[in-house]
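Here is a briefing on a protein chain, covering side-chain contacts, sheets and nonpolar cores. The sequence and model come first.

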Amino acid sequence: TVDNAVPTVTIGAPSATFAGPGPVSYSVTYADSNFNAGTLAASAVTLNRTGSADGLVSVSGSGTSYTVTIASITGNGTLGISLTAGTASDLAGNSAPAAGPSATFSVDNTAPTVTIGSPSSSFASAGPVTYEVTYADANFDASTLVVANVTLNRTGTANGTVSVTGSGTSYQVTISSITGDGTLGLSIAAGTATDVAGNLAPASEPSATFIVDNTVPTVVIGSPSATRTASQAVSYTVSYADANLDAITLATANIVLNRTGNATGTISISSSGNDRVVTISDITGDGTLGISLVAGTAADLAGTPAAAAGPSATFIVDNSAPAAPSITAISTDTGSSSSDGITSDGTLVISGTAEAGSTVTATRTGLGVIGTATANGSGAWSVDYTGTTLAGGNYSFTATATDAAGNASSTSAAFAVTVD
């Protein structure tokens, strides 16, 4: 028999088209009608590589059927094999030719990346706040992100409810029903996506957080600048405070003027930092005035509005003049009665009655003011004029009263004094 035909060598397709660590195998088949023996060993296999892909080659089998296995695969790129000539022979001594290169498979040892975007809001009260979660891999296969894979990172008393929507490489994680105060963010567990080589996505880094603020801005109305007035303006300082204060929108329409009697006035507002000065001017009537503020005159960055405030402390509006005071006696009165105004003492203390708390001004006719005094709670007052020694003769004294609001009375009846 004459045989000049060499044995054929066929390298099959790789057992996988994508691989991470492997193994991946190739079937090597020899054919010859007069086949004699196969001698395929690892040293006869060339590993065809691209990129950083690499692996360890082993060979098993005998006769016409062998398996070339590539294991401990590393890097990224492609791998395939070629066989050197002479790995088999027939009975006529013909050697098998070189074979290959084979079909390659992709080596992918890079896990899918997981990116959590910024929160949809930097501040929130009740929410919702959403994060975009994106997976990326040149050989992406599938994702399985569910609520159980999401950890809510919390500080303070902040909390919320997590939900997940989306598929493939794009998901939305939503935090709603938010309560408390503090910060919220999220992390994603490992294994929520895979590529076609079987690489699992790692756990994510913690996301950026957002501030949870469910504490309303405080509003404090200070004391009135005066406790009593006639027509003089009176002001209140309104102070706003919040760690995340955003805007103050107090306007005159937000202020209620609390009135008793027929007291009334006109409201205006001025600004100073986080304070507002509410001034009541053009005041008329008698009674009391104060203020209250409606809700919503300020808000924080989370959108939480300020509550209503007030009623404030009130001040008295007094536009009624006090009754004229009276001079009732001098000291020492040495006349026939204690109130006849006749005395032998030229150093006098003049006394009388007036509206309680009012300031009494005593005047000597022809000379002018000789002193002032404050009427006590019972209305009694006295002016010490002992610093002047009166010569014998006739004198006349009057008095006026001015109340705490500045209203002045008419002049009292004259009180005649005879120094004898």
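The side chains of Asp 318 and Arg 228 are joined by a polar contact of 3.5 Å (a pair of N or O atoms within 3.5 Å; within protein, one must be able to donate a hydrogen and the other to accept it, and residues adjacent in sequence count only if both atoms are side-chain atoms). The model is predicted: local features need pLDDT of at least 70 and side-chain atom pairs count only at pLDDT 80 or more, while totals for chains, interfaces and linings use all residues. Residues are numbered from 1 along each chain as its sequence is written, and side-chain values use heavy atoms, with hydrogens and water left out.

- Asp 318 lies in the loop between S30 and S31; strands (E, at least two residues) are DSSP runs, numbered from the N terminus.
- Asp 318 counts as buried at 10% relative accessibility, where buried means under 20% relative accessible area, exposed over 50% and partly exposed in between (1.4 Å probe, protein chains only).
- A polar atom of the Asp 318 side chain also lies 3.0 Å from the backbone nitrogen of Ser 320.
- Neighbours within four places in sequence aside, the residues in contact with Asp 318 (heavy atoms within 4.5 Å) include Thr 229, Gly 285, Asp 286, Asp 403 and Asn 407.

**Salt bridges**

- Side chains of opposite charge can pair when their charged atoms come close.
- The count is 2 salt bridges, each defined as a side-chain nitrogen of Lys or Arg within 4 Å of a carboxyl oxygen of Asp or Glu.
- One of them pairs Arg 228 with Asp 318, with the closest N and O atoms 3.5 Å apart.
- This pair links distant parts of the chain, 90 residues apart: Arg 228 is in strand S22 (residues 228-229), and Asp 318 is in the loop between strand S30 (315-317) and strand S31 (326-331).
- Arg 228 is partly exposed, at a relative accessible area of 32%, whereas Asp 318 is buried.
- Arg 49 and Asp 54 form a salt bridge in which the closest N and O atoms are 3.8 Å apart.
- Arg 49 is partly exposed at 47% relative accessibility, and Asp 54 is partly exposed at 31%.

**Sheets**

- An open sheet of 4 strands runs in the order S1-S3-S7-S6 with antiparallel pairing; two strands pair if DSSP finds at least two bridges between them.
- Its edge strands, S1 and strand S6 (54-62), each pair on one side only.
- S3 and S7 are paired antiparallel over 6 bridges, and Ser 25 has Thr 69 in S7 as its bridge partner.
- Another 4 strands form an open antiparallel sheet in the order S11-S13-S17-S16.
- Strand S11 (113-116) and strand S16 (159-167) are at the edges of that sheet with a single partner strand each, so one side of each has no neighbour in the sheet.
- S11 is joined to strand S13 (residues 129-136) by 4 bridges, and Ile 116 stands opposite Val 133 in S13.

**Nonpolar cores**

- In the largest nonpolar core, of 25 residues, Tyr 30, Leu 40, Ile 81, Leu 83 and Phe 105 touch the most other members; such a core is a set of buried Ala, Val, Leu, Ile, Met, Phe, Trp, Tyr and Cys residues joined through side-chain atoms within 4.5 Å.
- Elements giving two or more residues to this core include strand S3 (24-31), strand S7 (65-74) and strand S8 (77-83).
- A second, separate core has 24 residues, among them Val 219, Ala 298, Ala 309 and Val 317.
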